[in-house]
Amino acid sequence: MSTTEPAFVVITGMSGAGRSTAAKALEDLGWFVIDNLPPGLLSSLAEEAGRVNMATDRVAAVVDVRSLAFTTDLNAAIKELDGRGVGVRVVFLEASDEELVRRFENVRRPHPLQGDGRLVDGIDRERGILREIRANADLVIDTSLLNVHELRKKIVSFFGGEDRPGLKVNVVSFGYKYGLPVDADLVVDCRFLPNPHWVPELRPMNGLDAPVRDYVLGQPGAKEFLDGYEEVFGVVAAGYTREGKSYATLAVGCTGGKHRSVAMSEQLGARLRERGMDVQVSHRDVGRE
């Protein structure tokens, strides 16, 4: 088995956060996916994949958190595989407590860890068990504001072009008043630029419109900021690649996520593409006001 390519991807995370949707998206991309695999069987899966000459970089396992020994078992399994030269990439799906409660109530099912307690007790217990796994995950996806189609699109964007070299970068604009994206690796603040919201003719537009874009990019410091951060992120991206990190989410924020962050995200994404990076740009809060 190759020691330079990941043998497979582990999909885990909060119950109700979309693990099954992510698994189906990978299946549609031609991946071999096993659902609800106990952590102790990851090694057997790797051995079987090698025995039948399976495409080892297109194998995934969905790992469930029903065992109280989940964290220990999964960490031990990943450590064992790393010791054998088999790389594992962990994708962690999560959502806010409020959204998870809504989803469980919609399907009228209990949380697998709530026992005799409340639904929120099960969610809180699961977050505690998963804390270490989330901290060490290669990719964290917050599905709180995503429907199944949007989550599928994210999975396809991350895993649908494995033949393309380099770091995969997701640049997402957001509004601070709606909270930080929890899956962000790096956060950039554009609130030092004048706000187009206070220009009456620009207020109804967003950063995708040329007048807003030109206004934002024409402000003192805008070009210098883009120049500087492009260089900084080039250094960071090279380090991520050396450390084996395949995906990075760069969040660009302003007050409402409508004007400045949108324009700057588009420009930053274009600059990173010119450097040969695989970049997707999305705008979390446009249209939310």
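This is a predicted model: local features need pLDDT of at least 70, side-chain atom pairs count only at pLDDT 80 or more; totals for chains, interfaces and linings use all residues.
Reader: At roughly what angle do the axes of H1 and H6 cross?

Author: Axes are lines fitted to C-alpha atoms, for helices over the stretch in contact, with angles running from 0 to 180 degrees between N-to-C directions, and helices (H or I, at least four residues) and strands (E, at least two) are DSSP runs numbered from the N terminus. Here the axes of H1 (residues 19-28) and H6 (residues 148-159) come within 9 Å and cross at roughly 50 degrees, and the two helices are therefore oblique to each other.

Reader: Which residues of H1 and H6 make the contact?

Author: Contact means heavy atoms within 4.5 Å. From H1 the contact is made by Thr21, Ala22, Lys24, Ala25, Leu26 and Asp28, and from H6 by Val148, Leu151, Arg152, Ile155 and Phe159.

Reader: Where does UniProt place the feature "binding site"?

Author: UniProt positions are given in the numbering used here, with feature names shortened, and annotations may be inferred rather than shown by experiment. The unreviewed entry places this feature at Gly13, Met14, Ser15, Gly16, Ala17, Gly18, Arg19 and Ser20; among them, Ser15 is found in the loop between strand S1 (6-13) and H1.

Reader: How do H4 and H5 lie, parallel or oblique?

Author: The axes of H4 (residues 97-107) and H5 (residues 119-135) come within 10 Å and cross at roughly 125 degrees, which makes H4 oblique to H5.

Terms used:
Residues are numbered from 1 along each chain as its sequence is written. Side-chain values use heavy atoms; hydrogens and water are left out. Angles under 35 degrees count as roughly parallel, over 145 as roughly antiparallel, 65 to 115 as roughly perpendicular and the rest as oblique.
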